[in-house]
Amino acid sequence: MKPVWSALGLISLFVMPLHAAENGVGTHATDNAQILQLVERFKGAIRAKDGETMHSLFLPGGSWLQGLDKTSLATVRTREPNARQFIPGNYEQFAKFVGSSPKPIEETFDNVRIQTDGVVGTVYFDYRFLADGKVTNHGVETWQLVNTDDGWKISAMLFSVVLDDKH
């Protein structure tokens, strides 16, 4: 009997992952592709200075927080002594900025990582923000996502800010 159980145990190691994949556990290729499309729409809205599209990518009532690194905070405090390291904001302000920027703007993403179970998800990446072709700041950014009836939406955004243009 013992060799049968060992064989069954070995078989289950190979069959269970296949069964899990059939049931959607651990595999969300469609969701990952849709989230990647959201990322591309975000970048495209910035390049096109399309505040309306930018606004549509967010879930109303979500959260937004940026954090300055220590060196950037010290630089900002030379001009604004009461500047805080962590600054709440909102996607509505950002959408308005995107739609009204007088200069060409762009955000580049590297090392994009997506995690999802099909209901909620996260995107984490390194970013660089450019204005008029010049990098103004960079850091890491993470989005909390929800899969709504209207597709994937950003429900929360958190990002670090390292100033490159310190003047």
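# Report on the predicted fold

Asp 132 is located in the loop that joins β4 and β5. Its phi is near 55°, a positive value in a residue other than glycine. The model described here is predicted. Asp 132 counts as exposed because its relative accessibility is 52% and the cut-off for that class is over 50%. A second residue with this kind of backbone angle is Asn 111, which has a positive phi of about 55° and is not a glycine. Asn 111 belongs to strand β3. As background, most residues other than glycine have a negative phi.

## Overall make-up

The protein chain has five helices and six strands. Read from the N terminus, the order of elements is α-α-α-β-α-β-α-β-β-β-β. Of the 167 residues in the protein chain, 34% count as buried. The accessible surface of the protein chain is about 10,300 Å², and carbon and sulfur atoms account for 58% of that surface. When contacts between residues at least 6 apart in sequence are taken, 54% of them join residues at least 24 apart.

In soluble globular proteins, nonpolar side chains tend to be buried together. Here the largest nonpolar core holds 33 residues, and Phe 42, Met 54, Phe 58 and Trp 143 have the most contacts inside it. Two or more residues of this core come from each of α2 (29–48), β1 (58–68), α4 (70–79), α5 (91–100), β3 (105–116), β4 (120–131), β5 (134–148) and β6.

Which residues does Phe 42 touch, leaving aside its neighbours within four places in sequence? The contacts of Phe 42 are Met 54, Leu 57, Phe 58, Phe 94, Glu 107, Phe 109, Glu 141, Trp 143, Ile 154 and Met 157.

The buried residues of α5 are Tyr 91, Phe 94, Ala 95 and Val 98. Viewed down the axis of α5, these buried residues fall within an arc of 100°, so they line one face of the helix. They pack against α2, α3 (51–56), β1 and β3. On the face of α5 turned away from the buried side are the exposed residues Gln 93, Lys 96 and Ser 100. Ser 100 counts as exposed because its relative accessibility is 51%. The C-alpha atom of Ser 100 is separated by 7.1 Å from that of Lys 49, and the two residues are 51 residues apart along the chain.

In α4 the buried residues are Ser 72, Leu 73, Thr 75 and Val 76. Their arc, seen down the axis of α4, is 160°, so these residues too line one face of their helix. The cover over the buried residues of α4 includes β1 and β6. Lys 70 and Thr 78 are exposed, on the face of α4 turned away from its buried side.

## Salt bridges

How many salt bridges does a search of the whole structure find? The search finds two. One joins Lys 43 to Glu 40, with the closest N and O atoms 3.2 Å apart. Both residues lie in helix α2, three residues apart, about one turn of the helix. An α-helix has 3.6 residues a turn, so residues three or four places apart point the same way. Beyond its neighbours within four places in sequence, Lys 43 is in contact with Glu 107 and Phe 109.

The side chains of Asp 110 and Arg 128 form the other salt bridge, at 3.0 Å from N to O. This pair links distant parts of the chain, with Asp 110 in strand β3 and Arg 128 in strand β4, 18 residues apart.

| Residue | Relative accessibility | Class |
|---|---|---|
| Lys 43 | 13% | buried |
| Glu 40 | 39% | partly exposed |
| Asp 110 | 35% | partly exposed |
| Arg 128 | 36% | partly exposed |

Lys 43 falls in the buried class because its relative accessible area of 13% is under 20%.

Leu 65, Phe 86 and Leu 158 make a nonpolar surface patch of about 260 Å². Leu 158 sits in strand β6 (residues 151–163). The relative accessible area of Leu 158 is 41%, so this residue is partly exposed.

Definitions and conventions
Residues are numbered from 1 along each chain as its sequence is written. This is a predicted model: local features need pLDDT of at least 70, side-chain atom pairs count only at pLDDT 80 or more; totals for chains, interfaces and linings use all residues. Side-chain values use heavy atoms; hydrogens and water are left out. Patches are made of residues with over 30% relative accessible area and no salt bridge: like charges are joined within 9 Å, nonpolar side chains (Val, Leu, Ile, Met, Phe, Trp, Tyr) within 5 Å. Accessible areas come from the Shrake-Rupley method with a 1.4 Å probe; for residues, only the protein chains shown count as cover. A salt bridge is a side-chain nitrogen of Lys or Arg within 4 Å of a carboxyl oxygen of Asp or Glu. Helices (H or I, at least four residues) and strands (E, at least two) are DSSP runs, numbered from the N terminus. Buried means under 20% relative accessible area, exposed over 50%, partly exposed in between (1.4 Å probe, protein chains only). Contact means heavy atoms within 4.5 Å. A nonpolar core is a set of buried Ala, Val, Leu, Ile, Met, Phe, Trp, Tyr and Cys residues joined through side-chain atoms within 4.5 Å. The arc is that of the directions from the helix axis to the C-beta atoms.
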